[in-house]
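User: I have a structure to read and would like to go through it feature by feature. Please give the general idea each time, then the case at hand.

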2 protein chains.
Amino acid sequence: MPSTDWTDPECPVARTLDLVGDKWSLLVIRDAMDGARSFTEFQRRTGIARNILTDRLRKLIAHGLLAQRTAPSGRRQEYVLTDVGRDLFPVILTLRQWGERHAFAPGEPHSTLVDQHGAPVPEIAPTSADGTLLDTDTTHVRKTR
Amino acid sequence: MPSTDWTDPECPVARTLDLVGDKWSLLVIRDAMDGARSFTEFQRRTGIARNILTDRLRKLIAHGLLAQRTAPSGRRQEYVLTDVGRDLFPVILTLRQWGERHAFAPGEPHSTLVDQHGAPVPEIAPTSADGTLLDTDTTHVRKTR
DNA sequence: GCATAATGGTTTCAATTCGCAACTGATTGG
DNA sequence: CCAATCAGTTGCGAATTGAAACCATTATGC
């Protein structure tokens with residue numbers, strides 16, 4: 001099932017980017033997480049061209065991030081996140097938080113992610129098992145042995 | 001300085017993707033985080049075409065994620081992450097962890113991110129202020145007021 | 001019952017992006 | 001001086017993208 005020619009086969013970052021590493025795929029995922037179900041709804045929210053939307057939906061389905069099914073009501077199609085797709089939540093969240101920090105002028109308004117009680121979602125901070133903060137300087141990649 | 005025509009101006013996710021939402025930019029960032037400094041080193045690690053690498057380095061510099069400077073030793077150029085670029089660490093990490101979970105067959109080997117003591121970096125789990133786990137179902141976007 | 005719109009596409013075609021390969025110009029090493 | 005390396009630039013064909021038009025089914029209005 002998976003695409004066999006990875007950009008960098010043993011790097012998980014590169015494999016993920018081979019699957020969703022373009023602007024539209026991740027925006028489709030974002031909107032699916034926020035409740036979009038139908039072709040037209042994705043098109044309206046993202047503003048993506050329809051042929052590209054067709055292509056991206058197919059690819060996401062082919063890779064198991066979305067499932068296509070006939071809507072319970074009429075004969076509509078609907079596109080819902082699978083568990084695999086839903087598991088991109090931390091990716092979308094970190095993209096959002098970076099954007100909030102660095103892609104807006106100070107004081108410029110933007111949408112916010114809130115929990116069930118309406119409280120803003122706290123910023124994600126990668127920590128080691130012992131609780132110390134992790135960043136570029138305190139981690140490194142160990143190649144496959 | 002920033003690009004003025006955003007795909008979706010008030011969504012931080014969309015803004016971030018406008019800046020780094022392509023495969024190559026994020027792979028360059030990944031390699032910069034893992035120690036790459038020179039044009040040739042980026043080219044060797046990513047396998048990217050050189051004209052595309054030129055373009056991506058320029059864009060990342062223009063948006064303030066990379067800084068270009070003359071290397072301390074000779075008269076070589078080097079490209080180093082700014083604080084803004086370094087702050088993409090959680091994004092790269094979540095992309096990596098999703099890939100580890102879903103883009104490899106069970107038992108298939110892949111590189112791993114470890115901390116200074118060689119311990120694997122734990123998986124990131126978004127939590128609310130009170131410590132409860134957050135996901136797609138327990139959060140939603142609040143539009144700008 | 002007929003017109004009209006929406007839904008989920010496909011087709012067409014122009015523009016953009018991509019990547020290979022060749023060339024450049026400035027250094028560096030021997 | 002000669003060869004190699006570095007950091008590109010240029011040219012060009014191929015692949016990808018995007019806007020708009022078209023199409024075949026259902027729904028909906030009146």
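Analyst: Start with packing: the buried residues of H1(B) pack against helix H2 (23-33) and helix H6 (89-102) of chain A, together with H2 of chain B. Helices are DSSP runs of H or I with at least four residues, strands are runs of E with at least two, and both are numbered from the N terminus. Contact means that two C-beta atoms, placed from the backbone, lie within 7 Å. The model is predicted, so to speak of a local feature requires pLDDT of at least 70 and side-chain atom pairs count only at pLDDT 80 or more, while totals for chains, interfaces and linings use all residues. Residues are numbered from 1 along each chain as its sequence is written, and chains are lettered from A and ligands numbered from 1 in the order in which they are written.

User: How many residues of H1(B) are buried?

Analyst: A residue is buried if 20 or more other C-beta atoms lie within 10 Å of its own, exposed if 12 or fewer, and partly exposed in between, with C-beta atoms placed from the backbone. In H1(B), nine of nine residues are buried; among them are Pro12(B), Leu17(B) and Val20(B).

User: Why does Val20(B) count as buried?

Analyst: Val20(B) counts as buried because 26 other C-beta atoms lie within 10 Å. Apart from neighbours within four places in sequence, Val20(B) contacts Ser25(B), Leu26(B) and Ile29(B). Val20(B) and Leu60(B) are 40 residues apart along the chain, with their C-alpha atoms separated by 8.1 Å.

User: Is Glu10(A) buried or partly exposed?

Analyst: Glu10(A) counts as partly exposed because it has 14 C-beta neighbours inside 10 Å. Glu10(A) sits in the segment before helix H1 (12-20) of chain A. Setting aside neighbours within four places in sequence, Glu10(A) is in contact with Thr144(A) and, across in chain B, with Pro109(B), His110(B) and Ser111(B). Pro122(A), in the loop between E3 and strand E4 (139-142) of chain A, has 15 C-beta neighbours inside 10 Å and therefore also counts as partly exposed.

User: Which residues of the largest nonpolar core touch the most other members?

Analyst: A nonpolar core is a set of buried Ala, Val, Leu, Ile, Met, Phe, Trp, Tyr and Cys residues joined through C-beta atoms within 7 Å. The largest one here has 64 residues, and Ile29(A), Ala32(A), Ile92(A), Ile29(B), Ala32(B) and Ile92(B) touch the most other members. Leaving out residues up to four places away in sequence, Ile92(B) touches Val13(A), Ile29(B), Arg30(B) and Met33(B).

User: What should I look at in a single chain?

Analyst: Chain A has six helices and four strands, which run α-α-α-α-β-β-α-α-β-β from the N terminus. Its C-alpha atoms fill a box of roughly 55 × 45 × 25 Å along the principal axes. Of the 145 residues of chain A, 37% count as buried.

User: How many residues does the contact take from chain B and from chain A?

Analyst: Interface size is often given as the accessible area lost when the parts come together. Counted by residues, the contact takes 61 from chain B and 61 from chain A. H6(B) gives the largest share of the chain B side, 13 residues. Asp115(A) has Thr139(B) as its bridge partner in E4(B).

User: What rotation superposes chain B on chain A?

Analyst: Copies are superposed by least squares on C-alpha atoms of residues with pLDDT of at least 70 in both. Here a rotation of 180 degrees with 0.0 Å of shift along its axis puts chain B on chain A, at RMSD 0.1 Å. That is the relation of a two-fold axis. Both copies use the same surface, as 100% of the contact residues of chain B recur in chain A. Asp22(B) comes closest to the rotation axis of the residues of chain B, at 2.4 Å (C-alpha).

User: Which residues come nearest to DNA strand C?

Analyst: A residue is near a strand or molecule if its C-beta atom, placed from the backbone, lies within 6 Å of it. Of the 16 residues around DNA strand C, Ser38(A), Phe39(A), Thr40(A), Asn51(A) and Ala49(B) come nearest. Two or more residues each come from helix H3 (39-46) and helix H4 (50-62) of chain A and from helix H4 (50-62) of chain B.

Key. Two strands pair if DSSP finds at least two bridges between them.
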